[in-house]
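Subject: Structure for your files

Hello,

Here is the structure I said I would pass on, with my notes below it. Please read them with the structure open.

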Amino acid sequence: MDSNVKSGRVTILDVAAAAGVSKSTVSRILDERLPSSDNDTARKVRQIAEELGYVRDVSAASLRRGQTMTIGVIVPRLTDTVMAMLYEAIARACARSGRIALVATTDEQVEGELRAAESLLQRGVDGLILATARDDDDLPNILTKRSVPFVLALRTDGKSLSSIGDDGLGGYLATRHLLDLGHRRIGIIAGPGYASSARGRQEGYVRALGEQGIDPDPDLIVDSTFSIDAGTDAALTLMRLTSPPTAIFAVNDNTAIGAMSALINLGLKVPEDVSLVGYNDIPIVGCLPTPLTTLRVPFDQIAMTALDLLISGRSRPRDPIQMAAPTLIPRRSTIANTRKEPTAAFATREG
């Protein structure tokens with residue numbers, strides 16, 4: 001090994017001189033964004049780099065490419081476990097490609113989304129991943145006009161590059177699971193109409209009912225937000241019906257948790273009186289006193305696809321909306337329906 005390497009910061013030229021190869025060879029071998037080479041030269045270069053204490057200067061390399069190697073991520077709020085899980089998955093995907101993810105929140109406000117985007121763009125991010133798409137959202141159009149690279153995640157506007165779960169399939173699987181257990185009067189806590197994820201899950205619910213010749217009952221469809229409190233209110237609305245449901249599909253685990261709380265407070269048992277299905281499989285739902293049947297969303301797959309679309313966005317795929325299939329996770333919150341007629345439990349127990 002070359003003993004003339006100077007003290008101080010070790011450069012790529014030092015590694016190249018010690019290994020007896022060109023600077024470009026060392027650069028290619030040590031670039032974490034490229035597939036790892038496994039030959040004698042590559043192993044020698046990596047060994048020498050480690051012995052010399054070489055640390056790749058990511059900022060200098062990024063400047064040479066005109067990039068900052070940072071990705072902006074915009075979510076409604078990080079107190080929402082689903083959004084926190086998505087952001088963490090994006091951060092992991094970025095780390096694997098030598099990038100850093102910066103996050104900003106909007107509190108589900110259109111004005112907040114614009115401020116978050118401007119803040120991230122002022123920090124020089126190379127592109128944006130948005131988990132905030134909604135019907136009244138003009139940000140995708142603004143970004144397109146400004147030629148800012150962006151991808152939508154979890155929600156889509158139907159035209160922009162998007163990486164989402166197959167929400168129609170998920171809603172179908174949840175409802176079909178309840179139908180297979182003999183439930184016919186199935187309520188749905190449908191989420192907010194402005195979110196494509198909620199609409200897709202409701203469409204899957206309607207499709208599954210239709211296969212069984214069941215017309216959706218408007219009384220059994222309750223719009224909500226994605227919050228726990230909204231789930232509580234929606235479940236109370238459903239159980240006030242003259243013919244309440246024997247099962248409830250909540251299109252979000254938070255609303256399912258709220259629904260479970262409401263049912264328990266009414267003196268009802270889950271699943272003996274009402275079966276309950278959620279969506280997303282956030283960590284807590286498997287640890288509830290009655291573990292929740294839910295749909296598991298592949299957040300890592302969605303995140304990796306979103307980053308791939310962002311990086312290669314100029315070469316648009318044939319279908320701009322890429323979907324990842326959810327998986328039904330049956331737990332103890334759902335059982336077979338043994339009652340021929342639903343019980344008006346709310347009216348009975350509230351007197």
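Helices (H or I, at least four residues) and strands (E, at least two) are DSSP runs, numbered from the N terminus.

This is a predicted model, in which local features need pLDDT of at least 70 and side-chain atom pairs count only at pLDDT 80 or more, while totals for chains, interfaces and linings use all residues. Residues are numbered from 1 along each chain as its sequence is written, and side-chain values use heavy atoms, with hydrogens and water left out.

Buried means under 20% relative accessible area, exposed over 50%, and partly exposed in between (1.4 Å probe, protein chains only). In H9 the buried residues are Ser196, Ser197, Ala198, Gly200, Arg201, Gly204, Tyr205, Ala208 and Leu209. Their cover includes helix H8 (167-180) and strands S6 (186-191), S7 (221-223) and S8 (247-250).

Helix H12 (residues 299-311) has 13 residues and reaches 18 Å between its first and last C-alpha, close to the 18 Å expected at 1.5 Å a residue. Buried in H12 are Phe299, Ile302, Ala303, Ala306, Leu307, Leu309 and Leu310. Seen down the helix axis, these fall within an arc of 160 degrees, so they line one face of H12; the arc is taken from the directions from the axis to the C-beta atoms. They pack against helix H5 (81-96) and several strands, including S1 (70-75) and S3 (128-130).

Phe299 also belongs to the largest nonpolar core, which has 73 residues; Phe299, Leu86, Ile90 and Phe249 touch the most other members. H5 supplies the largest share of this core, nine residues. Such a core is a set of buried Ala, Val, Leu, Ile, Met, Phe, Trp, Tyr and Cys residues joined through side-chain atoms within 4.5 Å. Beyond four places in sequence, Phe299 is in contact (heavy atoms within 4.5 Å) with Val82, Met85, Leu86, Ala89, Leu154 and Asn280.

Gly127 sits in the loop between helix H6 (110-122) and S3. Gly127 is buried, at a relative accessible area of 0%. Not counting residues up to four places away in sequence, Gly127 touches Thr70, Ile71, Gly72, Pro149 and Leu310.

Regards

Definitions and conventions
Expected span 1.5 Å × (residues − 1).
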